[in-house]
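Work through these exercises with the coordinates open. Each task is followed by a solution in steps.

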Amino acid sequence: MSKDFLTLGEVGWLENFINEYTPIDLTYWSNETFMEALPIVAQGIQITLLLTVTTFALSLVLGFFWLLLESTPFRFVNLIFYWIREFIRSTPPLIQIFFVYYGLPMLQFVDISFTPFMAGLIALGVHFSTYIAEVYRSGIESVPKGQTEASIALNMTKFDKWTKIILPQAIPPTIPMLGNYLIILFKEVPLAATIGVLGILQLARNFGSQNWSYLEPLTIAALLFLVMSYPTALLIRWLEDKIKRNNPSLKKARERVEV
Amino acid sequence: MATREEEMTTQDQTDEEVVEQEVDYNANPIVSYKDVHKSFGDVHVLKGINLDIYPSEKIAIIGPSGSGKTTIIRMLMTLEEPSEGDIIVDGENLWKMEKGNGEMVRASDKHLHGIRDDIGMVFQHFNLFPHKTILNNCVMPLTSVRKMPKNEAIELSKEMLSRVGLGDKLDMYPSSLSGGQKQRVAMARALVMKPKIMLFDEVTSALDPELVGEVLEVIRDLARTEEMAMVMVTHEMDFALEIADRVLFLDGGKIAESGSASEVIEHSENPRLQDFLKRFRAD
């Protein structure tokens with residue numbers, strides 16, 4: 001039956017195999033539709049990548065702000081921002097996307113509405129910044145207290161202490177963790193399809209509803225995510241090794257932690 | 001005895017840098033502790049420390065562990081705030097400052113920053129900056145704190161690092177050095193800042209026994225040639241005896257004995273001190 005749909009001889013063996021040995025019925029699969037949907041869905045790559053990169057950049061910056069807001073000299077202020085962050089972190093990003101897109105314009109004193117792209121960027125950027133803040137904090141806490149004491153003993157200013165001593169030691173070990181969050185974020189970006197951002201998923205869905213065939217476009221969407229996220233993971237692993245090589249102290253520091 | 005005298009004369013001839021090291025006890029002290037107390041939670045560690053430190057004086061602080069030796073110098077380095085009392089550095093109150101109406105309030109960061117410039121410290125665990133080369137460990141404080149031009153800072157740092165015997169390791173990172181070498185870098189880093197008073201916090205305690213000698217050698221050299229005051233918290237009794245102008249024995253949160261090294265270590269009749277020394281020498 002399914003042989004009627006075959007147009008590419010090379011993959012015919014795979015369909016034969018699936019029909020023969022698995023309960024999956026490929027009646028509704030068409031290679032033609034697959035090829036037709038591919039260029040259309042692929043157009044979403046640009047938007048999806050753009051949203052991922054800008055959202056990640058925003059969360060990297062906001063992550064620092066959380067730390068600053070939670071370490072003011074006023075404990076009350078710190079506590080308030082701690083709970084705000086905890087709240088954002090513990091609620092689903094989808095709700096936050098809906099809130100920013102549908103909810104905010106309805107608040108009278110706010111009175112702004114965002115494009116779907118901007119709403120996705122803001123909601124996901126803020127949501128992920130709460131994770132990023134935690135990553136930064138772990139990095140900073142991994143720097144031994146003696147480093148602060150040495151900077152005081154050398155009479156360095158607070159600014160120099162942070163920019164020349166603490167952060168250069170705190171950030172490199174967090175790069176693998178930041179990279180993992182980049183990949184997680186990349187896979188969360190399709191949430192923005194729910195408010196109509198024309199990324200990979202939304203284009204796949206549109207194609208599906210117009211042609212009444214969802215199998216092929218959704219498969220394409222998944223494959224596109226795979227071919228982009230897997231190499232990124234490899235790149236991050238490579239980067240981690242490179243940082244370790246260039247920074248002999250880092251390796252030592254990690255060994256010390258393990259002991 | 002004759003050989004010792006010979007040694008002394010050759011030393012005087014060869015080493016012209018030796019500064020005449022007579023402590024002037026009539027001068028104004030550069031640091032004065034006035035009835036300083038310190039508690040950590042419920043533990044009252046220091047119960048009224050009174051101490052004057054004079055320019056170029058070399059002081060050794062000894063005493064049982066937990067007696068607060070380290071806390072004394074950490075308060076001077078502004079790493080620990082006294083619970084009560086004043087520490088005066090060069091005529092200025094370290095931990096308190098005058099508000100507009102003459103009232104004394106807790107010192108601000110800026111106030112501390114202004115005063116602690118003359119104080120340097122070497123730590124038990126070195127605390128070198130692991131992400132910087134040995135040379136940059138010394139250069140960075142000079143350029144960022146002293147605002148010294150970079151080439152000048154490099155010159156001075158190289159000079160100081162060769163003085164502690166590490167002139168050939170400039171581009172290495174601290175992680176590839178031995179404990180003794182790390183501690184010598186830490187001393188060079190503190191020395192380039194030319195402090196008027198230098199604090200040593202049990203600098204040999206974290207070292208393997210065979211590495212202690214090289215570090216003590218550097219301190220001995222400094223004590224002999226540098227005019228700065230030095231305060232050493234140490235467990236090296238013989239070393240304290242050799243280089244210190246004054247030895248303080250800390251016990252029960254107070255300075256129990258104070259005097260020249262031979263007075264305190266060899267002739268004191270304080271039973272607690274005798275007990276401490278006996279236990280120490282038995283190890």
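Helices here are DSSP runs of H or I with at least four residues, numbered from the N terminus. The model is predicted.

**Exercise 1. Find the residue just after α7(A) that takes a positive phi, then say what the buried residues of this helix pack against.**

Step 1. Locate the helix. α7 of chain A covers residues 145–153.

Step 2. List the buried positions. Buried means under 20% relative accessible area. A:Gly146, A:Gln147, A:Glu149, A:Ala150, A:Ser151 and A:Ala153 are buried.

Step 3. Look for the packing partners. In chain A, the buried residues of α7(A) pack against α8 (158–170). In chain B, they pack against α2, β8 (119–122) and α6 (179–191).

**Exercise 2. Classify the ring pair A:Tyr82 and A:Trp83, then the pair A:Tyr101 and A:Tyr102.**

Step 1. Recall the cut-off. Ring centres must lie within 6.5 Å, and planes over 60 degrees apart count as edge-to-face. By this rule the count comes to 10 aromatic pairs over all chains.

Step 2. Take A:Tyr82 and A:Trp83. Centre to centre, the rings are 5.3 Å apart, with 75° between the planes. The pair is edge-to-face.

Step 3. Check accessibility. A:Tyr82 is partly exposed, at a relative accessible area of 32%. A:Trp83 is exposed, at 55%.

Step 4. Take A:Tyr101 and A:Tyr102. Their ring centres are 4.9 Å apart and their planes stand at 70°, so this pair is edge-to-face. A:Tyr101 is partly exposed, with a relative accessible area of 22%. A:Tyr102 is partly exposed too, with 43%.

**Exercise 3. Give the strand order of the four-stranded sheet in chain B and explain which strands stand at its edges.**

Step 1. UniProt, in an unreviewed entry, places the feature "domain: ABC transporter" at residues 31–277 of chain B. This span is 37% helix and 27% strand, and its end C-alpha atoms lie 28 Å apart.

Step 2. Read the order. The open sheet runs β2-β1-β4-β5 in chain B, with antiparallel pairing.

Step 3. Count partners. β2 (43–53) and β5 (92–93) each have a single partner strand, so one side of each is left without a neighbour in the sheet.

Step 4. Follow one pairing. Eight bridges join β1 (residues 31–40) to β2(B). B:Tyr33 stands opposite B:Leu51, and B:His37 has B:Lys47 as its bridge partner.

Step 5. Inspect the turn. β1(B) and β2(B) form a hairpin with two residues between them. B:Gly41 in that turn has a positive phi of about 60°.

Step 6. Look for a charge over a ring. B:Lys38 lies over the face of B:Phe40, at 5.0 Å from the ring centre.

**Exercise 4. Describe the six-stranded sheet of chain B and the helices packed on it.**

Step 1. Write the order. The open sheet is β8-β9-β10-β3-β11-β12, with mixed pairing.

Step 2. Find the edges. β8 and β12 (254–259) of chain B each have a single partner strand, so one side of each lacks a neighbour in the sheet.

Step 3. Neighbouring strands are turned by 20° against each other on average, direction ignored.

Step 4. Five bridges join β11 (residues 246–251) to β12(B), and the two run antiparallel. B:Asp251 stands opposite B:Lys254.

Step 5. α2(B) touches β3, β8, β9, β10 and β11 of chain B, its direction making about 145° with that of β9(B). α7 (residues 209–225) of chain B lies across β3, β9 and β10, running at about 150° to β10(B).

Note on methods:
Residues are numbered from 1 along each chain as its sequence is written. Chains are lettered from A and ligands numbered from 1 in the order in which they are written. This is a predicted model: local features need pLDDT of at least 70, side-chain atom pairs count only at pLDDT 80 or more; totals for chains, interfaces and linings use all residues. Side-chain values use heavy atoms; hydrogens and water are left out. UniProt positions are given in the numbering used here, feature names are shortened, and annotations may be inferred rather than shown by experiment. Two strands pair if DSSP finds at least two bridges between them. Rings of Phe, Tyr and Trp (its six-membered ring) pair if their centres lie within 6.5 Å; planes under 30 degrees apart count as stacked, over 60 as edge-to-face and the rest as tilted. Buried means under 20% relative accessible area, exposed over 50%, partly exposed in between (1.4 Å probe, protein chains only). A charge sits over a ring if NZ of Lys or CZ of Arg is within 6 Å of the ring centre and within 35 degrees of the ring normal. Contact means heavy atoms within 4.5 Å. Axes are lines fitted to C-alpha atoms, for helices over the stretch in contact, and angles run from 0 to 180 degrees between N-to-C directions.
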